Amino acid sequence: TLDNWHAYNHGKQKSEWRVVDGTIFCDPASSDRAGDLTSDKEYENYDLVFDWKLPENGNSGVFINVLEVDTLTAAWFTGPEYQLLDSAHKDYQLPLKRAGCLYGISPLKNAVDMNGSGEWNHSRIEQNNGLVKFFLNGVQTAAMDFKSEEWRTLVANSGFKVTPEFGKRTKGRIVLQNWATGVNFKNIKIRELP
């Protein structure tokens with residue numbers, strides 16, 4: 001259901017996000033445009049798993065540690081992104097944009113085969129005390145310490161250097177990105193860590 005979600009900075013209003021055949025689906029043809037789907041709750045230490053699929057040339061992402069305030073118009077201004085990208089997309093060959101990477105910051109830690117257009121992929125995000133790990137189809141694809149000097153240097157040398165709130169938190173909302181191509185999510189489960 002969408003019970004624990006809302007549209008970023010728009011609350012529980014009707015949006016392009018709906019439940020279809022047991023999945024959370026972002027409908028690119030919907031006239032109800034409200035933006036990214038945002039968790040009602042903030043999370044800090046957790047193990048998150050989810051399945052996702054995209055259409056051909058599809059693009060989306062999952063943001064973590066997102067700050068939601070009226071002065072920020074988009075989740076990506078604050079939250080690092082687990083990239084979701086169909087292998088047929090023109091950007092897929094760019095190392096900082098491949099599915100499973102820490103978008104715009106670091107390439108894949110290990111090579112991984114993803115399932116193609118219209119097929120389900122399985123992802124995992126673990127975060128504990130600022131240490132984050134990404135996995136795609138059972139392969140670790142990223143590792144970063146959000147409290148480290150390395151992280152601050154990577155952000156300062158990235159396209160996010162113009163967004164002063166980016167990557168400053170180790171607690172925040174989880175956000176599913178609407179990139180107007182359509183995306184499906186299912187089996188979203190989160191276990192909070194002590």
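Biologist: How many helices and strands are there in the protein?

Modeller: This is a predicted model, where local features need pLDDT of at least 70, side-chain atom pairs count only at pLDDT 80 or more, and totals for chains, interfaces and linings use all residues. Residues are numbered from 1 along each chain as its sequence is written, and side-chain values use heavy atoms, with hydrogens and water left out. Helices (H or I, at least four residues) and strands (E, at least two) are DSSP runs, numbered from the N terminus. From the N terminus on, the elements run β-β-β-β-β-β-β-β-β-β-α-β-β, which gives 1 helix and 12 strands.

Biologist: What is the radius of gyration of the protein?

Modeller: The radius is taken over C-alpha atoms, and the globule rule is 2.2 Å times the number of residues to the power 0.38. For 194 residues that rule gives 16 Å, and the protein comes close to it, so it is as compact as a globular protein of that length; its own radius of gyration is 15 Å.

Biologist: What share of the contacts with a separation of 6 or more lies between residues 24 or more positions apart?

Modeller: A contact means heavy atoms within 4.5 Å. Among the contacts in the protein with a separation of 6 or more, the share from residues 24 or more positions apart is 66%.

Biologist: Is Gln-177 buried or exposed?

Modeller: Gln-177 is placed in the loop between β11 (172–176) and β12 (183–192). Leaving aside neighbours within four places in sequence, Gln-177 is in contact with Trp-17, Asp-36, Ser-60, Gly-61, Phe-63, Glu-81 and Val-183. Its relative accessibility is 7%, so Gln-177 counts as buried.

Biologist: What is the phi of Asp-21?

Modeller: Most residues other than glycine have a negative phi. Asp-21 is in the loop between β2 (17–20) and β3 (23–26), and at 78% relative accessibility Asp-21 counts as exposed. Although Asp-21 is not a glycine, its phi is positive, at about 50°.

Biologist: Where is Asn-129 placed?

Modeller: Asn-129 is not a glycine either, and has a positive phi of about 55°. Its place is in the loop between β8 (121–128) and β9 (131–136).

Biologist: How far apart in space are Ser-117 and Gly-58?

Modeller: Ser-117 is in the loop between β7 (81–85) and β8, and is partly exposed, with a relative accessible area of 34%. Leaving aside neighbours within four places in sequence, Ser-117 is in contact with Leu-54, Pro-55, Glu-56 and Asp-86. Ser-117 and Gly-58 are 59 residues apart in sequence, and their C-alpha to C-alpha distance is 7.9 Å.

Notes:
Buried means under 20% relative accessible area, exposed over 50%, partly exposed in between (1.4 Å probe, protein chains only).
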